[in-house]
Every structure is written in structure tokens, then in C-alpha cells.
Amino acid sequence: MQLYNKLSAEERRELIREAGKERLTISFYQYARIGNPQLFRNHLFVAFDTQEVLGRIYVAHEGINAQLSIPADRFEEFKDFLDGIYFLENVRLNIAREHDNESFLKLKVKVRNKIVADGLEDETFDVTNKGVHVDAVKFNELIADPDTILVDMRNHYESEIGHFQNAWTPDVDTFRDSLDIIEEEIKEHKKDKKLVMYCTGGIRCEKASAYYKHRGFEDVYQLEGGIIEYHRQVTEQGLENKFRGKNFVFDHRLSEKISDEVISNCHQCGNPCDTHTNCANEACHLLFIQCEDCKTKYENTCSTECHEVIQLPYEEQKKLRAGKYNSNNIFKKGRSEKLKFKEHKID
């Protein structure tokens, strides 16, 4: 039984292009008690592989978190399969507003300790005792209230290119970093302010809202379906859009445009820009913001150093990165010392 990918990303890309079918980019999550995550993982892989589903799925004892690409003409088949799983029946499916047939090129279903890495050791709070879910209309009302604290539950590189007006965007690298920092900053308002949170699709707020209720916050709300669903609702209902810039997404697209405003800058020259790229030097692969001019000048690299590396023969590049583990502990997203955009230069 095949429980792993047999095709490379390039082979899959070619098949997608040859098929000429429209694909949908979809995300969903659900907190649930899964007794045997490995068995469930194998079941999902076999079914999704048959349905030509690609993407990244995490399964844990606490539930499932999925970002997928599926053939549009197999959507009903995919939905029927999910509805046949008792805790996924009628689960919210966030369908991307901007489609890319190549948003995912492999199927990866992995068993993890948690579907969202939170760093919490506290087993006493109930993740299902969550905050009040609100739609776009109610959300707009809440964030206009002076007694509301609006918090962006995403990371710095996400909120840098787009966020809601008047939101607090904590300067954090990971979700686990944000929980204690946010509580410490607003702990004096546990009783007298409304705590309103948002994230990309809702999964981080789901856990954070339950955690903050457990920690004594009394009036807790979360944007249902996150920025993705908010964008759909304001577009279809003609509501005022309170989001500025782009929504960062975790697939090959890297972002979706929510408004026409550009609120960030190229990390190399400082000009207005909100397009992320990964450094072409595979030993670096830093995620940073790069404008078209700098992309051309430095050939998709983040620095003079990396630009010099990619000029070397491929075998020499491989030798240079041998034995080096490329992790966020080494290259923080958009924060490498190699990026000297504040001085408007990179060398």
C-alpha cells in the first residue's frame, strides 16, 4: 500500500499542467479527540491520494489541520468523504479567493504532537471552551468599540504585509511566543475589556481563545474563519473592508491580496513592496520581502553573500551547505543580519 509520495514536485507540476484542470486551494481544521492518529493518518493518505488531493495535513490526538489543493471537479467527492468522518461533518472549508493550480505539489500527511505548536504544558484547560465566534459584520462592530483590544495572533512576517486597522501586532516569531507575551501585556484588562482575536483561518484563535478564557479573560471573541472568511464575506456582502494589505498564506502563493494598500517595504532597498520570496541560495532559503528590481539585481537572493554563492557550480554549493541544518533558529524569517534594508543597502 502506497503511503508516501512517489513523484517529485517537478513531476507533479508537469502532470498538473498537462491535465489542464482547475484546482481549488482549501484549508480546514477541527479540534477533536483522535485515539490513533497514525491509523487516521494512513486512512487520509490513501483516500486523498486517490482523489488527487495535494497539500499539507497535520494529525494529532487533539485534531486535524489541513491546507490542500484539490481538483475543482472532485470537490463534492472530497466533501462527501469528509462528511463521512463524524467529527468532520460540515466542517468549515476556507476556499482561497485567489487560486493557483500549483499552490501545493505534494501530499504530506504527518502525525504531530499537536496540530498547532503552542508550547503549552498546561493540560487543565478545555480547548473546546472557546471564545465567541463572530462574522465580518459583528467583527467590524467590535473593533470600532473603544473598549475592545484587537490582537493579531499571527507572526511578525505575516502581519508585516497586512493586518486589520488599529490591531496590535505582537513582534513574535511563532504562535508559542505570542501567548505569554499577549497575556502579560493586557492582563490588567481581563475583566473590563473585550478581547478580540484574528488569524489566517481561525485555528490559532480557536486555541488561544480557550486558553485566555482559562486564564481569566471574561469577554473573548474570535473572527470566525479568520481573514480568509472575512475577505469572502466583505466581498460578497459589500461590507467595509477593515483589513489593510495582503493576507500571508502557507502555500506556494505566500499571500492573497485583501486590499490595494501596500503597507510594507522591500527588505533590500526599502521601497514599498509586499511580496515575499525565499532566498535562492538553498543553504539559506530565508523568507523575506523583495521587490522586482532587487529580485532581478540579486537573482532572488537576500544578500551579496548569497548572490555570490549561487554563481558557484552546483556541486560546490552542495559542499558549502553539507552538515548545516537550515532552521528558524539560524535564519529568522525576514530578520537575518544579512538584510540591511534599514540602511537601504545589502552590502
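I started with Cys-266, which is buried (under 20% relative accessible area; over 50% would be exposed and in between partly exposed, with a 1.4 Å probe and protein chains only), at a relative accessible area of 0%. Before going on, I noted that this is a predicted model, where local features need pLDDT of at least 70, side-chain atom pairs count only at pLDDT 80 or more, and totals for chains, interfaces and linings use all residues. Residues are numbered from 1 along each chain as its sequence is written, and side-chain values use heavy atoms, with hydrogens and water left out.

Next I looked for disulfides, meaning pairs of cysteine sulfur atoms within 2.5 Å. My search of the whole structure turned up zero. For Cys-266, the nearest cysteine sulfur belongs to Cys-269, 3.8 Å away, and Cys-266 is in no disulfide. Cys-306 is in no disulfide either; its nearest cysteine sulfur is that of Cys-279, 3.8 Å away. I also found Cys-306 buried, with a relative accessible area of 1%.

Then I turned to two helices (DSSP runs of H or I, at least four residues, numbered from the N terminus). H2 (residues 37-50) packs against H3 (residues 75-83) at an angle of about 160°, with the axes 11 Å apart; the axes are lines fitted to C-alpha atoms over the stretch in contact, and angles between N-to-C directions run from 0 to 180 degrees. That makes the pair roughly antiparallel, a label for angles over 145 degrees.

Which residues meet? I listed His-43, Leu-44, Ala-47 and Phe-48 in H2, and Phe-78, Phe-81 and Leu-82 in H3, with contact meaning heavy atoms within 4.5 Å.

Conventions
Parallel < 35°, antiparallel > 145°, perpendicular 65-115°, else oblique.
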